[in-house]
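Colleague: Walk me through this model, please. I want helix packing, then the pocket.

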Amino acid sequence: MTDSKKARRTSGKRERLAAAAAQVLHEQGIAQTTLADIAQAADVPVGNVYYYFKTKDQLVEAAIDAHAQNLRGLIDALDGLPAPQDRLKALVNGWAEQRDLTARYGCPTGTLASELDKRADGLDQSIAQVMRVLLDWTELQFRAMGRTDARELAVALLAAYQGISLLTNTFRDPDLMTTEARRLELWIDSLT
């Protein structure tokens, strides 16, 4: 096997484990998740997990990185839309499309942030940085709309999403998120 084929196979397993960690941690929470759960979700023998990650915390870090990569991909896709209000409404619609998942498990990033906030190991700051990237990008969209209160509007939008995610999950009612998405779209339109 060539070094490049081995590197691709190795990176593929590591990426699968990171993606599986993000998924399983979202569905089960940190305390209830085992390395075996993540290995099974990634379709990787549990013994191989230790080759890539020595501890569960390293898998949590990999899950945070997976969230960051997913966010970068989302932002890249949204940035292809012509107007900032279109980008913001597409963001809101993307959240609404995840309503069934949110009803079952909550917001993937928000629930992880909430769990990590109870720990004193610095991982809370890592997930906060992921959320900060979204907040900063959202602020840029409002600023591009000519808003001088862009930061406040960005905070309001993310707070509305996190709040409706919590309610959607608490009541297991995806329609709450659909209704809030429509309200947020109208709100965005009213700001132009």
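**Helix packing and pocket**

Modeller: This is a predicted model. Start with a helix contact: Leu 88, Val 92 and Trp 95 in H5 meet Leu 157, Leu 158 and Tyr 161 in H9.

Colleague: How do the residues of the contact of H5 with H9 divide by class?

Modeller: On the H5 side are Leu 88, Val 92 and Trp 95. H9 brings Leu 157, Leu 158 and Tyr 161. The contact has no polar and no charged residues; its nonpolar count is six.

Colleague: Is H5 roughly parallel or roughly antiparallel to H9?

Modeller: The axes lie 11 Å apart, and the packing angle is about 10°. Angles under 35 degrees count as roughly parallel. Therefore H5 and H9 are roughly parallel.

Colleague: Which helix gives the most to the lining of the largest pocket?

Modeller: The lining has 33 residues, with His 67, Asn 70, Leu 71, Pro 108 and Thr 109 nearest the pocket centre. Helices that each supply at least two lining residues include H4 (56-78) and H7 (108-116). With nine residues, the top contributor is H1.

Colleague: What is the volume of the largest pocket?

Modeller: By class, its lining has 18 nonpolar, 11 polar and four charged residues. The volume of this largest pocket is about 910 Å³.

Colleague: Does Thr 55 count as buried, exposed or partly exposed?

Modeller: Thr 55 sits in the loop between H3 (46-52) and H4. Its relative accessibility is 38%. Buried means under 20% and exposed over 50%, so Thr 55 counts as partly exposed.

Methods
Residues are numbered from 1 along each chain as its sequence is written. This is a predicted model: local features need pLDDT of at least 70, side-chain atom pairs count only at pLDDT 80 or more; totals for chains, interfaces and linings use all residues. Side-chain values use heavy atoms; hydrogens and water are left out. On a 1 Å grid over the protein atoms alone, a cavity is a set of points where a 1.4 Å probe fits but cannot get out, and a pocket is an open set with protein on both sides within 12 Å along at least five of seven lines; lining residues have an atom within 4 Å of a point. Grid points are joined across faces, edges and corners, and a volume is the space filled by probe spheres set on the points. Helices (H or I, at least four residues) and strands (E, at least two) are DSSP runs, numbered from the N terminus. Ala, Val, Leu, Ile, Met, Phe, Trp, Tyr, Cys and Pro count as nonpolar, Asp, Glu, Lys and Arg as charged, and the others, Gly among them, as polar. Axes are lines fitted to C-alpha atoms, for helices over the stretch in contact, and angles run from 0 to 180 degrees between N-to-C directions. Angles under 35 degrees count as roughly parallel, over 145 as roughly antiparallel, 65 to 115 as roughly perpendicular and the rest as oblique. Contact means heavy atoms within 4.5 Å. Buried means under 20% relative accessible area, exposed over 50%, partly exposed in between (1.4 Å probe, protein chains only).
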